[in-house]
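Student: Could you take me through this model, one feature at a time? I would like each answer to end on the name or value I ask for.

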Amino acid sequence: MAWIKAHDLHLSLGGPALLDGADFAVDAGDRVCLVGRNGVGKSSLLRLLAGEPPPDSGRVLIQPGSRVRYLPQEIPAELAGTVRDIVTSGLKTAVSNRVADPVDDTSHEWNGPVRVETTLSQLDLDGDKEFMTLSGGLKRRALLARALVVDPDILLLDEPTNHLDINAIAGLEKLFAEFSGCLIFVTHDRMFADRVATRIFELDRGRLTDWPGNHAEYLRQRELRWQAEAEQFAQFDKKLQAEEEWIRQGIKARRTRNMGRVRSLEKLRETRRLRRERMGSVHMRLEEAEQSGKLVIEADRISYQYDGVPYIDQFSTIIQRGDRVGIIGPNGCGKSTLLNLLLGRLTPLSGRVRLGTRLEVAYFDQLRATLDEEKSVADNVANGRQQVEFGGRSRHIIGYLEEFLFAPDRARMPVKALSGGEPTRLLLARLFLQPANLLVMDEPTNDLDVETLELLEGVVGEFSGTLILVSHDRAFLNNVVTSTLVFEGDGRIEEYIGGYDEWLAQRCLPQTPSIKEKPTEKKKKPVDKNRPRRKNMAEKKELEAIPGRIEALEQEMAALHATLSDPAFYKNAQGQKVNELRQQLHALEHSLALTFQRWEALEAIPD
C-alpha cells in the first residue's frame, strides 16, 4: 500500500489554479523531487500534504499511524532554547493527517534521550548551543534533526540545502540516499536532486506530471515534451486562425448548414482562452564596460583575523583579466571577508592587495543589504526615475523589470512584500544595469528556480570580463569557473585548476561531509564521483581561447628573445634590467607550459 495517495486535488490561492486535478501515489523508498518554476505552488503542495491548508477539492490519504514530518523553507522566528531542546521537541511534535488522529510519539519516550544524542551526532550539531545564536545553515540542520529524531515514515522537505555549505549538502545526500521511508523534497540544487531523487514530480500550470529517474533524465525528457507541446499549439493556432478568417466572410457563415462550424469555432475560442502558456523566462544580459588592465587583483601574503581567530593566513594570488575564479569553503570560514579584502574594502592585518587599472566592479551581495525594504521594486532599480539606460538605449523601468518576471503590479510593490526568488532576481536586475568588467557574486544562486539558474549560467559564461564567485552550488561552479580558491582550515587557502569536480580530484583526499553517517546502518554503495562528464560552457570557451593565448605568449617570448639577443641592448641596459627581462622570459615559459597542459586536459574531456 502506498504511504501517500492523492486523488483529483484542486487548489487555488486567489489566482490561477496551483493544482488542477492532481493524482499521484508515493511508496516507501520513493525519493521524490518536486520541481517547477518559482510561484507554481511547490511549497503549497508540501504544506497541503503536511495537513496545513486543505485542498479546495479532492483527497489526500496517508497510511494510518504513519509519522509525518515537514521542514518548511522559512525558519520559524518564535523558536527558543538550546539545540537539544529543539531536537527533543521533535519526539512529540507530529503532523496531522486526514485518516487518523495526529501521531503522538510517546512510544519513543523511553529511549528519547538516546535518539536525540544520536541525531545530534549524526548531523554534527552542538546540543548546548542556543538556537537563536546559530547561523541560518545551522538552524536548518537543527530543524532537520528535529524532523529526523522520530525516524519518520514520511519526510517533506522544502529547500533542505538552503544556507548549507558544500560539506553539509554532501552529508545530506548520503543521509537521504539511505532513507528507508517516503521522501518528497523541493530543491534548486541540481546535483543534490540528481544524487538523491528516484522520481521527479513536475508542477507546471496546475498540472502535476510524474517522471521516473533522476533530475538529469527528467531534463532530457522535458525538452522533448516541450517541443511536442509547441508543435501542438502551433497546429491549433493555425486552425483557429483559418476559422477566424472564415467567420469574417459574414453571410456564408450564417447559413444554417454552417452553424455547426460556427459552434466549433466558439469551442476553439474557449479552448484558446483557457490555455495556460508556460511561464515566461527571465531575459538577462550583462552591461559590459571597457576592458580592464591585464592585472585585475594581486594579493601578496595577506592575513586577516577576527577576535583572535585567523580567517586568512599568508594568502597570495594573482587574478588576471578574463579569469573565472570560484571560492569554496564552509559557512563562516571567511569567504565574504576574502572578497572584501580582494576588492580593497577591508585592509589586511599584514600583506598587501594591489588592484589593476580601469576596473569597473559589479558586486552581488548575498545579504541583500543594498536593497531598501521600504522602497518599491522599481525605485530600488531606477532610484525614482522612469527610464533606465541599458545597451546604449533608454528603457522604461517597468518594461525592463518585466524581463526579470516582475509584472507591473509587482514592480510597484515594496521590496518587503517580495518572496521566494524575487529579491534575488531584483538584485540581478539592478546589477546588470551597471557596466562592469569585474563581476563579483556572493551566493547568487539562493532561491532561484532551476531554469533561471541555467540562464544565469549562460549569461555569466558569456561575460568577457573577470568573474569572482562564491557559491555552494556545485553544478554552477562546475559550469562557470575555471579555477577555485578553497578554504582548507586554519586560514589556509589553496588554489586549484577547474571547478568543484576538479577540486575533488586534485586534492586527493576522501570527501568528509560534516553530517555523520548512522553508525548502526549498513552503508550503501557510494555515488560514483568519477563518472565521465562533458565539457561545460566555461571550459568550451576557455578551450577556444587557448590557441590565441599560446600565440600571444609565443609572440611575447620572441620579442624578449630578440631583445636579449641584441648586443646593442647590453651596451645601454643596467644589470637589473637584464635580470628583469630574463625573469619575465622564465615566467612566460612557465606560463606557456601550463597553458599546453591545460589544453591537453580540456581536450581530454568529451564535448
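Student: Which residues point one way from strand β5, and which the other way?

Tutor: This is a predicted model. Strand β5 covers residues 68-71, and all are buried. R69 and L71 point one way, and the other way point V68 and Y70.

Student: In what sense do β5 and β6 pair, and over how many bridges?

Tutor: Strand β6 covers residues 154-158. The two strands, β5 and β6, pair in the parallel sense. The pairing runs over four bridges.

Student: Which residue in β6 is the bridge partner of L71?

Tutor: L71 belongs to β5, where L71 and R69 point one way. Its bridge partner in β6 is L157.

Student: Which residues of helix α1 are buried?

Tutor: Helix α1 spans residues 42-49 and is mostly covered. Seven of its eight residues are buried. They are K42, S43, S44, L45, L46, L48 and L49.

Student: Which residue just after α1 takes a positive phi?

Tutor: Helix α1 covers residues 42-49. Just after α1, a positive phi of about 95 degrees is taken by G51.

Student: Now helix α9. How many of its residues are buried?

Tutor: Helix α9 runs over residues 335-342 and is mostly covered. The buried residues are K335, T337, L338, L339, L341 and L342. Out of eight residues in α9, the buried count is six.

Student: Which residues have the most contacts inside the largest nonpolar core?

Tutor: In soluble globular proteins, nonpolar side chains tend to be buried together. Here the largest nonpolar core has 50 residues. Helix α13, residues 422-431, gives the most to this core, with five residues. Those with the most contacts inside the core are Y400, F432 and M441.

Student: Which residues does M441 touch, not counting residues up to four places away in sequence?

Tutor: M441 is one of the residues with the most contacts inside the largest core. With those sequence neighbours left out, M441 touches F364, L428, L431, L456, V460, L467, I468, L469 and V470.

Student: Why is the pair of F185 and F192 called edge-to-face?

Tutor: The structure holds seven aromatic pairs. The ring centres of F185 and F192 are 5.6 Å apart. Planes over 60 degrees apart count as edge-to-face. The planes here stand at 85 degrees, so the pair is edge-to-face.

Student: What kind of pair do Y400 and F404 form?

Tutor: Y400 is buried, with a relative accessible area of 1%. F404 is also buried, at 1%. Their centres lie 5.3 Å apart, with 55 degrees between the planes. The pair is tilted.

Student: Which residues do ring pairs link into a cluster?

Tutor: F185 is buried, and so is F192. Ring pairs link these two with a further residue. The cluster is F176, F185 and F192.

Student: Over the face of which ring does R345 lie?

Tutor: R345 sits 4.5 Å from the ring centre. The ring belongs to Y363.

Student: Why does C333 count as buried?

Tutor: Buried means under 20% relative accessible area. C33 counts as buried at 0%. C333 also counts as buried, because its relative accessibility is 14%.

Conventions:
Residues numbered from 1 in each chain as written. Predicted model: local features only at pLDDT ≥ 70, side-chain atom pairs only at ≥ 80, totals over all residues. Heavy atoms only, no water. Buried < 20%, exposed > 50% of the residue type's maximum accessible area, 1.4 Å probe, protein only. Phe/Tyr/Trp six-rings, centres within 6.5 Å; stacked < 30°, edge-to-face > 60°. Lys NZ or Arg CZ within 6 Å of the ring centre and 35° of its normal. Pairing = 2+ DSSP bridges. Core = buried A, V, L, I, M, F, W, Y, C linked by side-chain atoms within 4.5 Å. Contact = heavy atoms within 4.5 Å.
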